[in-house]
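Reader: I have a new structure open and would like to learn how to read it. Could you walk me through it?

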Amino acid sequence: MTSEMTPDRAAFEKLEVGVPVGPTVRLLDAETVRRYADSLGTGNPWFVKDSPFGGPIVPPCILENIAADLGNRALSQLETKGGGLFAGIEVEYLKPVPVGTTVTVLGRVADKYIRRDKYYLVTEFHVQDEAGTEVMTGRVLQARLPSPEQARWQ
Amino acid sequence: MVTRTMPTNVGDEVPAVVQTMDIGKMRLFSGGFPGAAYHEFNKNQHTDADAAARVGRPKPIAQGLHIGGLLQEMLISAYGEHWLTTGKLSWRCINMILEDDIITARGKVGGASKEGASSRLDLQVWCENHRGTTVLVGGASVLVPAPDDGR
């Protein structure tokens with residue numbers, strides 16, 4: 001399947017490893033944080049009331065979601081019939097982010113490959129707070145599936 | 001404050017986190033950015049049955065990072081400030097998570113090594129659904145005070 005030069009394959013071939021994606025700049029206000037905190041369903045008060053860091057902090061998964069969006073942007077030229085899947089992450093937590101912080105997420109296409117006829121993209125990311133301090137760094141792995149049959153569930 | 005016990009011995013299990021991935025939670029997590037108000041959501045395979053069907057999913061599927069968020073919650077509950085300042089996490093999603101799946105995030109201390117005045121714990125982490133299928137698998141590490149600190 002992937003030996004054929006389909007429009008998706010051509011778009012994937014055009015993606016250059018090493019090119020920057022983003023940055024994304026985002027204010028993480030109390031409403032955004034409440035939304036993510038409620039999505040987790042755990043009632044963790046550190047996100048909405050107080051934490052040992054002197055006020056509520058942002059759930060780390062918000063930052064990862066912004067980083068993943070950078071990868072989605074890089075893959076936006078693919079229109080695979082099987083859609084996309086988030087495949088994995090490597091992440092290091094360096095500093096909690098207080099609610100109300102504006103973060104900047106910088107990305108770079110770190111790798112790409114085709115495996116079992118699926119397109120994979122690795123995006124390296126760095127999250128900075130308003131002072132430019134790195135608060136999180138990592139890599140996200142995302143897949144695009146040429147066919148719906150390539151997805152699986154059990 | 002989050003009440004926590006800190007599993008530090010090899011073989012210790014991290015207290016599990018269990019959540020049902022209902023459509024309400026999935027719309028909050030995956031339908032928000034950019035700029036949607038709390039009760040609004042963008043339609044995609046994680047938030048809407050028709051959008052999911054268009055890419056061949058039987059139901060809306062939970063975003064992998066949403067499930068990863070449950071792993072983080074488990075690790076924050078167990079290791080608190082230590083996790084948020086020294087934690088490292090790596091995982092792969094190996095099965096899709098369908099709407100209304102009940103997900104259990106689990107972890108176990110697999111090793112410990114001295115790192116300066118602290119101890120770095122290595123953990124196995126994973127999530128499974130209510131059918132007993134592992135959906136996400138990986139590893140984590142965190143720096144905690146060495147057992148003899150403060151003596």
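Author: Gladly! Keep in mind that this is a predicted model. Let's start with a hairpin: strand 4 of chain B and strand 5 of chain B form one, with five residues between them. In the turn, G132(B) has a positive phi of about 85°.

Reader: How many bridges join strand 4 of chain B to strand 5 of chain B?

Author: Here is the general idea to begin with. Strands of a sheet pair through backbone hydrogen bonds, either parallel or antiparallel. In this case, strand 4 (residues 118–128) and strand 5 (residues 134–145) of chain B run antiparallel and are joined by eleven bridges. You can find W126(B) opposite V137(B), and R120(B) opposite L143(B).

Reader: Which other strand of chain B is joined to strand 5 of chain B?

Author: That is strand 2 (residues 88–93) of chain B, which runs antiparallel to strand 5 of chain B and is linked to it by six bridges. Look for K88(B), whose bridge partner in strand 5 is S141(B).

Reader: And how do I read the sheet as a whole?

Author: Follow the strands in order. Ten of them make an open sheet with antiparallel pairing, running 1(A)-3(A)-4(A)-5(A)-2(A)-2(B)-5(B)-4(B)-3(B)-1(B). At the edges are strand 1 (20–27) of chain A and strand 1 (13–20) of chain B, each pairing on one side only. On average, neighbouring strands are turned by 20° against each other, direction ignored.

Reader: Where do the two chains join within the sheet?

Author: Strand 2 of chain A and strand 2 of chain B run antiparallel there, with five bridges between them. One pair to look for is E90(A) with its bridge partner S90(B).

Reader: How many residues of each chain are in contact with the other chain?

Author: Chain B has 40 residues in contact with 38 residues of chain A. Helix 3 of chain B gives the largest share of chain B's side, 14 residues. By class, chain B's side divides into 17 nonpolar, 16 polar and seven charged residues.

Reader: At what angle do helix 2 of chain A and helix 1 of chain B pack?

Author: For a helix pair, look at the angle, the distance between the axes and the handedness. Helix 2 (residues 30–40) of chain A and helix 1 (residues 23–30) of chain B pack at about 145°, their axes 8 Å apart. Their crossing is left-handed. R35(A), Y36(A), D38(A) and S39(A) meet K25(B), L28(B) and F29(B).

Notes: Residues numbered from 1 in each chain as written. Chains lettered and ligands numbered in written order. Predicted model: local features only at pLDDT ≥ 70, side-chain atom pairs only at ≥ 80, totals over all residues. Axes fitted to C-alpha atoms, helices over the stretch in contact; angles between N-to-C directions. Helix = DSSP H or I, 4+ residues; strand = E, 2+ residues; numbered from the N terminus. Left-handed = near helix turned anticlockwise from the far one by under 90°. Contact = placed C-beta atoms within 7 Å. Pairing = 2+ DSSP bridges. Nonpolar A, V, L, I, M, F, W, Y, C, P; charged D, E, K, R; others polar.
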